[in-house]
Amino acid sequence: MADSSALDDETVVVVPTARRDAGITLTELLASFYLWLLLWLVVWAAVPALVLGYQPVLLTSGSMGPTISPGDLILLGDPPDDELLSQGAVITFPDPAVPGGLITHRIDGVREDGRYRTRGDANGAPDSTPVEPSEVVGVGRLLVPLIGLPLLWLRSDVLSFALFVGGTGAAAFVAGAANRAGVRRREAVAAREAAERDVPTAGDDA
Amino acid sequence: MRFGAVQLSAVLAALVLSIGMVVRISTTLTAVSPETRSDTAASAAIQIRDGLNGVAMFDGVDLAPGATAERCITIRATGSRTPEQIRMEAASSIDPAFEPWLRVQVDRGPPLGQGRDCDGFASDETLAAGPYRDVMHELDAGLDWAPATSPEIPGGHAASFRVRVTLLEDTPNEIQGARTTFDLVWASDFDQAGQSFLDRLLALVVRFTEDSFLPMLAIVALAILFLGIQDRLDVATPRLSKAALFEEIVPFEDRTSDDDT
């Protein structure tokens, strides 16, 4: 049977505040949720790259909008060796206008000469230069939204980057404080119950 | 690291939302662009594509009374699964004035290459033939094609379809200059029992998150509402927040056994 004296009113009032003892506040909950969402998105980006060897490419332009936005991270798989890709596949290939640059667009069709006709979803017309199948760097397999946005901000929008870092830091502080408070609360409860076990009750005296 | 129930719920809610975001947006990597999306029927593992890339088969064809026009289209099923059946249906929106004067014939044969020309087409089977209304009525019931039994070609299973349209010799002059359209639709239809659990789960998640983030946000909002109510209850009755968690039950049980001994 449980010792009923462990939950009496005198035990409860030793807790610093009822609010803190009650557990997590809504602000702490939102901060924790935000941090975990951020972490899970990083996991979604990192695990396929590490396990399956997918190549991550950060999208920096809006030519594939509205479905794919700047800041999204696309994970590329190897193109097939012996067959053509289908219409609709998103591929990354060298930018003919910028040496060393890459373009990520969608296959709009296959020409009679076997080359791909490509187009950005947001563009009204296909790209002017067809793509040889052998030029395809990778085929889009997975898309992790928003995760690369801080990198874009770091390049072009320092204020947004600072707000992101500050907001994430504040969320980490709030969530960390809540976590530490929870640990302290549990330790206090454990210590209190341990002390109660050592103190004889009135019933024992009688 | 020890988690309270509330913190664990936040972890799970964030995981669910991240899965929804990644899966939902990743489906756009294999979908066709918005303008031609209707030409593709996609499931979790099957995609059907036409060889004309969404261009109308009879675009620019002029028919005189007694003349016949024919066009071919190659339909290819690709993906990690071979569909048991691909269903061909009619989605008609023809001008009623045209209807009595058109004859239509649909044949299926081995796959051709790209383009609309029927050079080299060899009919294996006439699927439907006759007055336009009869053909469309027959197609309304759906004509099944089993790609699994078709010759396998690199990149998937395919077949070509030839559509012949004839304008009758005695078509009245009032029809001259009129234009009309009718649609043929190919859709995948495969045995649900043959799907793996992963296919079914993926299809469910895709369907759930296909239209917007709202369903996912609704789950998160409900979770936060639940946790908020729990928080208020804990504030009102601090004893509730002291209720023993699972791992704290163990020393409690041990203590009881000590008392018994």
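Ala221(B) has its place in helix α4 of chain B, where helices (H or I, at least four residues) and strands (E, at least two) are DSSP runs numbered from the N terminus. This is a predicted model, in which local features need pLDDT of at least 70 and side-chain atom pairs count only at pLDDT 80 or more, while totals for chains, interfaces and linings use all residues. Residues are numbered from 1 along each chain as its sequence is written, and chains are lettered from A and ligands numbered from 1 in the order in which they are written.

Is Ala221(B) buried or exposed? Ala221(B) counts as exposed because it has 12 C-beta neighbours inside 10 Å; a residue is buried if 20 or more other C-beta atoms, placed from the backbone, lie within 10 Å of its own, exposed if 12 or fewer, and partly exposed in between. Although Ala221(B) and Ala13(B) are 208 residues apart along the chain, their C-alpha atoms are separated by 9.6 Å.

Chain B as a whole has six helices and ten strands, and buried residues make up 28% of its 261 residues. Two residues are in contact if their C-beta atoms, placed from the backbone, lie within 7 Å, and among the contacts in chain B between residues at least 6 apart in sequence, 77% join residues at least 24 apart. For chain A, the corresponding share is 56%. Chain A has six helices and six strands, which follow the pattern α-α-α-β-β-β-β-β-β-α-α-α along the sequence, and 27% of its 206 residues are buried.

A nonpolar core is a set of buried Ala, Val, Leu, Ile, Met, Phe, Trp, Tyr and Cys residues joined through C-beta atoms within 7 Å. The largest one holds 41 residues, and those that touch the most other members are Phe33(A), Leu37(A), Leu41(A), Ile91(A), Leu143(A), Val144(A) and Ala14(B). At least two residues of this core are supplied by each of α3 (26–51), β2 (73–77), β3 (90–94), β4 (102–110) and β6 (138–144) of chain A, and by each of α1 (5–26) and α4 (214–236) of chain B. The largest share, eight residues, comes from α3(A). Leaving aside neighbours within four places in sequence, Leu143(A) is in contact with Ile68(A), Asp72(A) and Ile74(A), and also with Ile25(B), Ser26(B), Thr28(B) and Leu29(B). Apart from this core lies another, of 20 residues, among them Val106(B), Tyr132(B), Met136(B) and Val163(B).

Two packed helices are described by the angle between their axes and the distance between the axes. Here axes are lines fitted to C-alpha atoms, for helices over the stretch in contact, and angles run from 0 to 180 degrees between N-to-C directions. The axes of α3(A) and α5(A) come within 8 Å and cross at roughly 115°. In this pair, Thr27(A), Glu28(A), Ala31(A), Ser32(A), Tyr34(A) and Leu35(A) of α3(A) meet Ala171(A), Ala172(A), Val174(A), Ala175(A) and Ala178(A) of α5(A).

Helix α5 (residues 158–198) of chain A also pairs with helix α4 (residues 149–156) of chain A, and their axes come within 6 Å and cross at roughly 135°. The helices α4(A) and α5(A) are therefore oblique to each other, given that angles under 35 degrees count as roughly parallel, over 145 as roughly antiparallel, 65 to 115 as roughly perpendicular and the rest as oblique. Pro150(A), Trp153(A) and Leu154(A) in α4(A) meet Ser160(A), Phe161(A) and Phe164(A) in α5(A).
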